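Please look over the structure shown here, with attention to how its chains meet. The report below is meant to be read alongside it.

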Amino acid sequence: MPEENINKKWEPKIIAFFCNWCTYTAADLAGVSRLKYAPNVKVIRLMCSGRVDPQFILQSLASGADGVLIGGCHPGDCHYSEGNYKMLRRFRLLQRVLRSMGVEDERVRLEWISASEGEKVKTVINEMVDTIRKLGPLGLPGKISVYDKDLAELKNEIDTEIEVDIKPSGKEMVEHA
Amino acid sequence: MSTFNGNGQSIPKIGFYICHCGHNIASMVDVDKVQKYTASLPGVTVSRDYKYMCSDPGQELIQKDIKEFGLNRIVVASCSPLLHEHTFRVATEKAGLNPYFFHMVNIRENVSWVTGDKEAATDKAIDLVRAAIQRVFFHKPLVKKEVPINPDVLILGGGIAGIHAALTIANAGKKVYLVEREPTIGGHMAMFDKTFPTLDCAACILTPKMSAVKNHPNITLWSYSEVEKIEGFVGNYRATIKRKPRYVIEELCVGCMDCIDACIYKEAKYPDEFNLGMSKRKPIYIPFPQATPQVVLFDPDTCIDFKSHRCKKTCIEACDRDAIDLKQTAKYEEINIGSVILATGFKTYDAKFAPQYGYGRFPNVFTSLELERMVNASGPTSGEVLTKEGKKPKSVGIVHCVGSRDEKSNKWCSKVCCMYSLKLAHLIKEHTGAEVYNFYIDMRTPGKGYEEFYDKLMNEGVHFIRGRVAEVTDWALAAEEENKLTIRVEDTLVGVVRRIPVDMVVLSVGLEPREDASDVRRMFNISCSNEGFFLERHPKLAPVSTFTDGIFIAGACQGPKDIPDSVAQAGAAAAEVLSLICAGTIELEPNTASITEEFCSGCKSCIPLCPYSAISFKEDTKKAYINEALCKGCGTCVAACPSGSIIQNLFEDEQIFGEIEGLLRFAGIDLAGSETKGKELEHA
């Protein structure tokens with residue numbers, strides 16, 4: 001409940017995108033086997049890890065997730081032949097972007113978990129929750145509002161500068177920025 | 001039908017239902033709290049909890065509410081969608097609402113069964129439910145695609161499971177292609193002498209079925225063949241079968257074996273695979289007398305003509321039907337089928353990996369399969385149980401669980417070994433009169449007539465010693481151990497370490513997945529369980545189905561199984577196939593992707609991403625186009641489209657973003673300022 005949430009001790013919030021055929025089935029298996037794991041990871045089911053749009057990851061982080069876990073079939077096992085490879089490539093690129101934004105590598109994790117690896121679901125989730133607990137909150141929504149404010153101030157400053165100093169080169173610079 | 005236009009702009013009327021699942025959910029998740037909380041969310045018209053949502057009254061509850069309150073979205077929080085999504089979609093549809101306005105939240109496998117803390121579980125359930133409520137705002141009505149089912153069936157593996165499934169389907173009047181890798185069908189069962197517990201002669205009950213397969217007008221038997229490639233989807237598969245060259249024209253050969261007699265090798269000198277190398281064969285041979293088809297084949301690795309081209313080719317002269325063609329090459333057959341049964345069987349554990357038992361070191365240590373051949377009248381010793389020295393053993397030790405129930409090799413119980421060990425004990429005693437010792441961990445004899453068979457053996461004077469054998473050794477410590485193999489074991493019932501000298505040791509080897517099981521699995525797009533056996537769709541309720549529609553499994557490729565169980569599974573797989581065929585058509589999930597032309601920039605990024613070549617480029621409009629019949633709905637292109645012009649039904653961007661927002665709605669409260677907080681408190 002919202003009111004309680006504010007007073008509660010901070011707990012990592014992790015969004016997981018699991019492919020229907022391997023990792024989601026493995027999570028079901030973990031359930032059937034009654035393996036207990038941390039409740040911090042909430043799963044969104046997709047048909048294939050190839051469906052994971054980098055925007056889903058960015059949006060999750062921007063909306064307040066402290067980490068994102070992507071689960072797909074092992075290489076060579078993809079139900080759709082190669083969706084997991086496509087995800088892997090995107091993931092590598094996205095990692096660079098996130099790194100440059102100051103988001104630690106450990107916050108976004110890609111794991112191959114086959115339908116029979118219920119145990120691995122448990123280990124990966126517990127490990128990830130532990131790691132993120134150590135890293136602390138990411139707090140992007142807060143940071144973004146600060147960035148927005150900084151940006152608005154900067155824009156304001158530049159706008160006033162332009163009004164004062166109407167050199168054409170100065171204006172070009174703003175447009176490129 | 002709902003009047004809601006489905007664009008997510010107006011507030012829908014959502015019905016929410018949370019299932020107790022008896023105590024499965026309710027004992028860990030406070031269903032009442034979730035229900036009350038959800039009632040306060042925007043768009044939720046009805047919020048209820050019920051003991052068993054999947055039961056008829058549970059489904060009727062939804063249907064009644066749809067009619068009474070004009071609900072146009074349904075969210076059920078219960079078990080995994082892999083289990084009951086279909087059930088609720090059907091229920092929704094029956095009430096006149098498009099089934100894709102339904103969404104399911106998994107709070108059993110994903111919450112109550114995996115969480116130890118009641119409060120945490122309830123909170124997690126609330127988050128997941130909120131995500132689903134956000135998601136269904138963006139749901140749209142969808143129409144299922146119907147495709148016809150090709151009635152022809154491909155069966156892989158000609159062991160007892162494959163044979164039984166083939167005959168069942170063929171007897172129903174449907175066409176079957178039975179593909180067997182070996183030169184003959186029959187599988188492991190053809191190697192056995194007797195079958196437990198009835199001591200039926202294996203050949204006597206199997207060979208009639210083998211010839212029935214060969215002679216059945218609806219069965220095309222391709223032995224010595226393998227599947228090269230398979231593509232397509234349920235009801236519409238296309239397979240390429242490689243028929244390896246036998247160097248004998250199958251249609252002409254009648255199996256008279258004159259060529260074998262005429263071979264310039266007067267003596268057979270190459271190890272015979274069927275007898276596990278215990279006897280010899282010529283380069284031209286027939287695996288065993290009842291081999292089906294009765295067609296000889298050449299082994300190019302041992303035939304002189306293949307090696308040096310300097311053979312007199314007496315075999316060709318001897319064949320008066322001109323059936324020998326030494327220039328034969330592999331033939332490829334292309335077939336269209338609607339469904340596939342995999343019955344590829346097992347392999348036995350390689351006893352060399354248990355060096356303490358001396359297999360391969362001591363000539364008188366045999367595997368159980370070798371002994372099966374030995375006691376068989378058409379086997380290498382014509383049915384006599386003999387040591388390597390050619391003598392009848394006076395005492396024989398049977399070591400159970402070699403490569404089963406062992407942390408170091410295979411953890412699983414191979415299920416059949418206790419029973420076949422009893423059978424072998426009986427046969428050894430019958431053939432030689434020897435003292436027979438069984439060394440077991442636990443005797444596992446559940447099954448019709450199995451325990452009675454065990455009783456019978458105890459009364460026959462077979463010795464049973466409870467304990468895992470430590471070692472088989474030829475190091476004699478006493479006079480009676482000279483020139484014998486000594487079995488060292490702790491008798492756990494008496495609590496003493498015993499040394500038992502025997503003339504012959506039989507290792508009851510366990511059952512394992514075939515070496516190439518994982519290649520086969522990849523080719524047919526199914527999964528394997530941890531130990532490497534093919535994974536069934538559900539361990540209890542869908543034991544012969546797989547996660548790929550139209551692909552079924554039967555027999556020991558799914559897990560260790562005896563003959564009755566393999567036959568029962570083969571029958572079940574055949575019934576599943578026939579039910580598909582009789583339905584004539586199958587509905588496919590409508591989760592395919594499509595292009596919104598007005599946003600497509602024609603960049604072509606999506607085209608090489610599609611593993612099914614479903615995307616093409618329309619030159620006239622300079623836009624991409626997705627052929628819906630080829631699209632399987634993975635969504636890879638959707639995620640890659642830079643302009644966001646590809647939409648995947650059921651997994652649209654808005655729907656996923658809805659879920660993300662729903663899950664994190666309160667996450668940023670203390671950081672993101674009062675705006676979100678205020679908004680949320682309104683609903684709380």
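Predicted model: local features only at pLDDT ≥ 70, side-chain atom pairs only at ≥ 80, totals over all residues.

In chain A, 4 strands are arranged as an open sheet, in the order β2-β1-β3-β4, and their pairing is parallel. The edges of this sheet are held by β2 (41-46) and β4 (108-112) of chain A, and because each of these has a single partner strand, one side of each is left without a neighbour in the sheet. From one strand to the next, the twist averages 20°. Strand β1 of chain A, which covers residues 14-19, pairs with β2(A) in the parallel sense over 6 bridges, and within this pairing A16(A) has V43(A) in β2(A) as its bridge partner. Chain B also reaches the sheet: its helix α17 (residues 653-664) packs there, touching β1 and β2 of chain A, and the direction of the helix makes about 170° with that of β2(A).

**The interface of chain B and chain A**

The contact between the two chains involves 64 residues of chain B and 61 residues of chain A. About 5,200 Å² is buried between chain B and chain A, and carbon and sulfur atoms give 60% of that area. On the side of chain B, W113(B), V114(B) and L664(B) supply 11% of the area that this chain buries against chain A, which is more than any other three residues supply.

The element that gives the most to the side of chain B touching chain A is α17(B), with 8 residues. Sorted by class, that side of chain B has 32 nonpolar, 17 polar and 15 charged residues.

**Salt bridges**

Over all chains the count comes to 48 salt bridges, and 5 are found across the interface of chain B and chain A. Two salt bridges that join residues of these chains are set out below.

| Residue in chain A | Residue in chain B | N to O distance |
|---|---|---|
| D77(A) | R521(B) | 3.0 Å |
| R51(A) | D653(B) | 2.8 Å |

For the pair R51(A) and D653(B), whose closest N and O atoms are 2.8 Å apart, the location of each partner can be given: R51(A) lies in the loop between β2 and α3 (54-62) of chain A, whereas D653(B) lies in helix α17 of chain B, so the pair joins two chains.

Methods
Residues numbered from 1 in each chain as written. Chains lettered and ligands numbered in written order. Heavy atoms only, no water. Pairing = 2+ DSSP bridges. Axes fitted to C-alpha atoms, helices over the stretch in contact; angles between N-to-C directions. Contact = heavy atoms within 4.5 Å. Buried area = accessible area lost by both parts, 1.4 Å probe. Salt bridge = Lys/Arg side-chain N within 4 Å of Asp/Glu carboxyl O. Nonpolar A, V, L, I, M, F, W, Y, C, P; charged D, E, K, R; others polar.
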